[in-house]
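Have a go at each one before you read its solution.

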Amino acid sequence: MTRISPPTGPAAGPRRPRASRTTNRRAAASWRPVAGAAAAALLAVVCPTTAVAAPDTAPVPRLAWAACGDGFECATARVPLDHHDPRGAGIDLAVIRHPADDQAHRIGSLFYNPGGPAVAGTVALPMMLGQFPEEVRQRFDIVSFDPRGTGGSAPVQCFDKPADEQALLAGTAAGYPEGTEQQNAWAEAYRRLARQCAARNPALLPHISTANVARDMDLLRQAVGDRQLSYLGTSYGSYLGATYANLFPGRVRAMVLDSAPDPVAWSTGRGDQAATTGTLLRNGSDVAAGRVLDAFLDQCGQAGTRTCAFSAGTAAATRARYGELLQRLRTRPVVVGGATVTAGSAVEATITSLYATNPVGKLSIGWSRLGTGLQTFWTATETLSAPGTPLPPVPRQSPDQALALVCSDSTNPTARADYPALAASARARSGEAGPYFAWADERCADWPARDRDRYDGPWNRPTARPVLVVANTGDPAMPYEGSRAMARSLARARLLTVDGYGHTVLANPSDCAAEHETRYLIDGILPTPGTVCAPTKPPFSG
């Protein structure tokens, strides 16, 4: 159970920095609606109130930086649990930074949120630092933090032991459920998970919204001594940036939103969408994933087996082979590397692996690796074990921390909604990727907590400086249309397009886009309207 610190007075002194911020890696991978080593999903519940910025009276945290390895420094920041009670109970945030390489010409701090939601910034920044443009690393301290409820920042913990959560989730299908029995087991497991999380985190869950994370980030901006915020957010981190920009429009110095959702679709939807369609389906994540999956299979087929092991020689034949693979796995799951592979887990692994077209940072992923993995699954289906052979359990990533944020932040249909029908509709429009996102949305159908301070718009408050939105046309998680909608929704924004594949431009580098981002972050120079860049390495080239 997360400990909430009681109120403290000015004499309490600074918090002691922790030696390292690589803890709780499970939380960093806990939920990637669209990000990470095992994707999961974004969902939410009803809370239509529109938040306003809380009074700016909270004490500014004092950061006592200490070396924590590989040139990074770590600290702990104390912030209010409830920003409406700024001197009441507090929580501690885990913070990390990499000092600017050129301190003589340092501009300030560049805050980075990797998305998720609920990906720990203290884990992501060391992994992704090398992806930042060199001149940006020279001129800025790169700062990140674990958002409240995540990683080392008052983490939401719903079970005493991970094994207890695994036992609960073991009754759910890997990836997504198929058939009435699996669907009922899925809904019941996540209903029980919601009750367990509420019982163990009663003080924390009502204060986990993106708006409160944005308020925390504004306190951190003050703590590092910056008059205005410089920021780069990827995926869900772009939604955090847009929320900050509308809560604190006068404090925006520079803001790059990389692979953004349509903010209205993400938060509430339009018309009666909130009551009928979940967050990810409103966002079009299923459509985006389906398009990119088709592109992967087409290019894999054209590339041949030397480049893509799963190639069947042509685009059409490779698409057909993927469909046959899933049908085989529905009939008889297989064991690969000691783990059970089902049709649902194969779809989940496929969607996640589409995020990076080539190896990125310290992550050995990419489309060629996906082709090798699918071929391994295919070969395993040709040498099936004897009927009745026990299969090892499918391990589940813990969704606690991501659901705690999203379920209080974005409106979803309740448990009374017809989620099987939503999944069937998603399959009809998006193919094999569709049901995965529909059932991901269902996980908040029974979530009991609401954050009264969530922010649902408006999204067009004029910022002190314009915002730069960056997106790949072939993003499998946040569709390109979402970034276009974000750029239109913000009062002062410019869209930079990369005609390439993969989730986020940061993880799928474009030298052209990096140059534009550098000039914008350092000098405030926006790219010319309508600028389109190319990726540095197309798929199957690395």
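**Exercise 1.** Find which arginines lie over the face of W378.

*Solution.* Start with R328: in this predicted model, R328 sits over the face of W378, at 3.9 Å from the ring centre. Now try R321, which also lies over the face of W378, at 4.4 Å from the ring centre. A charge counts as over a ring if CZ of Arg is within 6 Å of the ring centre and within 35 degrees of the ring normal.

**Exercise 2.** Work out how the rings of W367 and F540 are arranged, and which parts of the chain they tie together.

*Solution.* First, the search: going through the whole structure turns up 15 aromatic pairs. One of them is W367 with F540, at 5.9 Å centre to centre and with 65 degrees between the planes. Planes over 60 degrees apart count as edge-to-face, so this pair is edge-to-face.

**Exercise 3.** Describe the pair formed by Y436 and F437, then decide: is each residue buried or exposed?

*Solution.* The rings of Y436 and F437 are 5.1 Å apart centre to centre, with 90 degrees between the planes, making an edge-to-face pair. For burial, the cut-off is under 20% relative accessible area. Y436 has 1%, so Y436 is buried. F437 comes in at 0%, so F437 is buried too.

**Exercise 4.** Name the residues of the aromatic cluster that includes W266.

*Solution.* Along with W266, the cluster takes in Y236, Y239, Y455 and W459.

Technical notes. Residues are numbered from 1 along each chain as its sequence is written. This is a predicted model: local features need pLDDT of at least 70, side-chain atom pairs count only at pLDDT 80 or more; totals for chains, interfaces and linings use all residues. Side-chain values use heavy atoms; hydrogens and water are left out. Rings of Phe, Tyr and Trp (its six-membered ring) pair if their centres lie within 6.5 Å; planes under 30 degrees apart count as stacked, over 60 as edge-to-face and the rest as tilted. Helices (H or I, at least four residues) and strands (E, at least two) are DSSP runs, numbered from the N terminus. Buried means under 20% relative accessible area, exposed over 50%, partly exposed in between (1.4 Å probe, protein chains only).
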